[in-house]
Amino acid sequence: MSRQIRFGYKVSAEQFGPRDLIEFTVAAEQCGFDTAAISDHFQPWRHTGGHAPFSLAWLGAAGQATSRIALGTSVLTPTFRYHPAIVAQAMGTLGVLFPGRIWLGVGTGESMNEAPLDTDWPDTKERFARLKEAVTLIQTLWTSDRVTFDGTYYRTRNATIYDRPETPIPIYIAAAGASAARLAGRVADGLICTSGKAMELYAETLLPAVMDGARAAERDPANVELAIEMKVSFDSDRDRAREDTRNWAALALSPEEKTGVDDAVEMERRADALSTERAASRWIVSSDPDEHVERIRPYLDLGFTHLIFHAPGPDQRRFLQLYAAEVLPRLRDLATPTSEA
């Protein structure tokens with residue numbers, strides 16, 4: 001494989017408080033994970049026991065507490081709560097503080113994080129148009145001075161980001177369909193998507209769209225990193241691994257079941273009504289490391305080179321230790337090309 005495989009840890013900001021998340025990320029670095037990606041939510045998926053720490057503040061603390069692991073967002077919405085110029089400023093500062101370790105993942109967002117601020121929630125077409133414009137503005141601010149930008153949604157006048165790293169921070173675009181994946185190929189450093197959906201979505205829609213977008217922009221598709229959040233519930237006790245997924249049952253709700261829901265209490269009610277079987281349907285649930293690796297293998301075979309593992313259980317330290325001992329070595333062996341005699 002031409003690109004080095006990276007294995008990341010998903011920092012579940014909807015499930016744990018900021019201090020715990022710092023401790024987990026330090027442990028992830030010690031366990032050999034290459035990256036850590038924090039979600040950026042204003043409201044969590046669950047009201048009871050939920051959390052929603054401010055990702056940009058947290059990244060500064062995490063960078064100071066660690067020394068090697070790369071840190072980023074998966075994902076932040078730079079279009080409503082945040083003006084894209086403020087995102088450019090914040091990430092620029094982080095990039096200066098922790099050079100070579102910061103990356104920005106962005107997406108079109110969810111109503112549950114914007115509507116509570118009395119934001120009008122537009123249709124998919126407008127949200128995508130806003131994202132495209134926001135990415136253009138962020139990239140321009142990172143590479144130019146005195147930026148006057150007159151867009152449809154965002155404007156600046158003689159704006160400069162004074163503190164920014166010498167090398168622009170990588171931007172990754174989240175995609176669940178062809179349009180966003182094509183945009184990632186055209187203008188971004190990487191794609192982010194999530195596992196647990198039909199494999200045809202990745203093989204026939206997302207990855208071909210990335211390649212099409214890159215080629216249309218006369219870019220080498222191999223230079224666009226393919227990242228995926230892997231929903232994994234791994235434990236030596238299979239029943240425990242299965243039951244752990246209940247906390248994240250909201251992920252198994254269909255788009256029709258959660259569209260327009262912007263209240264964490266209501267989202268929790270709908271998620272709790274699902275069976276354990278359905279809650280577990282989005283996850284790779286396993287107690288056998290070899291079986292677990294075999295279920296991850298198809299994503300590597302498709303060409304994903306940055307796997308960010310999201311574990312649903314309450315004992316994240318247990319997950320990190322088990323994964324580092326039982327799964328990561330097998331995955332690294334699988335991802336390492338064998339030399340031909």
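Guide: In this predicted model, Ala 252 counts as buried because its relative accessibility is 12%, and the cut-off for burial is under 20%. Ala 252 belongs to the loop that runs between α8 (238–244) and α9. The C-alpha atom of Ala 252 is separated by 34 Å from that of Ala 65, a residue 187 positions away along the chain.

The helix α9 (255–258), at one end of that loop, is also among the elements that give two or more residues to the lining of the largest pocket. This pocket has a volume of about 1,400 Å³. Its lining comprises 47 residues, and those nearest the centre are Thr 108, Gly 109, Glu 110, Ala 176 and Lys 258. Besides α9, the elements that give two or more residues to this lining are α4 (111–114), α5 (124–143), α6 (178–187), β8 (190–194), α7 (199–216) and β9 (225–234). By class, the lining has 20 nonpolar residues, 17 polar residues and 10 charged residues.

A further element to examine is strand β5, residues 147–150, whose side chains alternate. Strand β5 pairs with β6 (residues 155–159) in the antiparallel sense, over 3 bridges. The bridge partner of Phe 149 in β6 is Thr 156. A hairpin of 4 residues joins the two strands, β5 and β6.

Cys 31 stands at 26% relative accessibility, so it counts as partly exposed. The structure holds 0 disulfides.

These details belong to a protein with 13 helices and 11 strands. Of its 341 residues, 53% are buried, Ala 252 being one of the buried residues. The C-alpha trace spans about 60 × 60 × 40 Å along its principal axes. The radius of gyration is 19 Å, which agrees with a compact globule, because a globule of 341 residues would have a value near 20 Å.

Terms used. Residues numbered from 1 in each chain as written. Predicted model: local features only at pLDDT ≥ 70, side-chain atom pairs only at ≥ 80, totals over all residues. Heavy atoms only, no water. Buried < 20%, exposed > 50% of the residue type's maximum accessible area, 1.4 Å probe, protein only. Pairing = 2+ DSSP bridges. Disulfide = S-S within 2.5 Å. 1 Å grid on protein atoms, 1.4 Å probe; cavity = no way out; pocket = protein on both sides within 12 Å on 5 of 7 lines; lining within 4 Å. Points joined across faces, edges and corners; volume = space filled by probe spheres on them. Nonpolar A, V, L, I, M, F, W, Y, C, P; charged D, E, K, R; others polar. Rg over C-alpha atoms; globule rule 2.2 N^0.38 Å.
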